[in-house]
Amino acid sequence: MADALTADPRSLPAKRPGAIILARHGEPALSRDVVLTAGGYRDFWAKYEEMGLRPGQTPPTVLMDQIASAGAVISSVRTRSIESAIALCRGRDFVRDEMFVEAPLPPPNWPGFVKLAPRTWGFLARFWWWFFDHHEGGETRRQAEARADEAASRIEALAADGGDVVVLAHGFFNFMVGRALRRRGWKMTANQGWKYWSTRRYERP
């Protein structure tokens, strides 16, 4: 006991950081069973950014348990993320942070006779934004990557004391934060894909 009390702190093993869990929000209350022009998809995305959750959803018990034992919980400031956090946190506090909002989705400027499902427009918009920097005056890919790196730094610091960190945000920006974490040496140890309420878990080796 005396040796432990008098040991040089620099000789003690470093504390292992907690895990980082990036979770996607629940399903929003906006039907995707439509076909839209590019302009229609812009309106659809604007509504999607404002909408809350579709009523009647049951959040995953596993994610609820992860949040209950986490050291910190963060939500994007979008309504769908905040309502997801409220449903999952069951009364515990969480931080709302605009750092974690979704990357923009401006569709390519295709003619009005092209009508596609929102899911298809979303894929095309992301492709044009990612590979051709099509941002229509909004956030560029480079800017979003810088934001994702800052977000990764912020949650990495929160996990440093050994407590897990859960982020309730958005599919693609979570992907970007995950890339930033991997560049920092974190390893993805669990992946539930892209569906609503899905998670990706990152740990330090």
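**A guided tour of the predicted model**

Begin with the sheet: six strands make up an open sheet of mixed pairing, in the order S3-S2-S4-S1-S6-S5. Two strands count as paired if DSSP finds at least two bridges between them. Strands here are DSSP runs of E with at least two residues, helices are runs of H or I with at least four, and both are numbered from the N terminus. Select strand S3 (95–96) and strand S5 (187–191) at the edges; each has a single partner strand, so one side of each is left without a neighbour in the sheet.

This is a predicted model, in which local features need pLDDT of at least 70 and side-chain atom pairs count only at pLDDT 80 or more, whereas totals for chains, interfaces and linings use all residues. Residues are numbered from 1 along each chain as its sequence is written, and side-chain values use heavy atoms, with hydrogens and water left out.

**Within and across the sheet**

Next, select strand S1 (residues 20–24) and strand S4 (residues 165–169), which run parallel and are joined by five bridges. Ile20 has Val165 of S4 as its bridge partner. Axes are lines fitted to C-alpha atoms, for helices over the stretch in contact, and angles run from 0 to 180 degrees between N-to-C directions.

Zoom out to see the whole protein chain, with its seven helices and six strands. From the N terminus on, the elements follow the order α-β-α-α-β-α-β-α-α-β-α-β-β. The C-alpha atoms fill a box of roughly 80 × 40 × 25 Å, taken along the principal axes.

**Helix H7 and its partners**

Select helix H6 (residues 141–159) and helix H7 (residues 171–183), which pack at an angle of about 65° with their axes 8 Å apart. Their contact (heavy atoms within 4.5 Å) includes Ala144, Ala148 and Ile155 of H6 and Phe173, Met176 and Val177 of H7. By class, this contact has 10 nonpolar, no polar and six charged residues. Ala, Val, Leu, Ile, Met, Phe, Trp, Tyr, Cys and Pro count as nonpolar, Asp, Glu, Lys and Arg as charged, and the others, Gly among them, as polar.

**The largest pocket**

Now display the largest pocket, which holds about 660 Å³ of space. On a 1 Å grid over the protein atoms alone, a pocket is an open set of points with protein on both sides within 12 Å along at least five of seven lines, a cavity is a set where a 1.4 Å probe fits but cannot get out, and lining residues have an atom within 4 Å of a point. Grid points are joined across faces, edges and corners, and a volume is the space filled by probe spheres set on the points.

Of the 23 lining residues, select the closest to the pocket's centre: Arg24, Gly122, Phe123, Arg126 and Phe172. Helix H2 (38–50), helix H5 (118–132) and H7 each supply at least two residues of this lining, and H5 gives the largest share, eight residues. The lining comprises 13 nonpolar, four polar and six charged residues.

**The cavity**

Finally, locate the one cavity of 30 Å³ or more; the largest cavity has a volume of about 60 Å³. Select Leu22, Ala23, Arg24, His170, Gly171, Asn174, Gly193, Trp194, Ser198 and Arg200 to show its lining. S1 gives the most to this lining, with three residues. By class, the lining of the largest cavity has three nonpolar, five polar and two charged residues.
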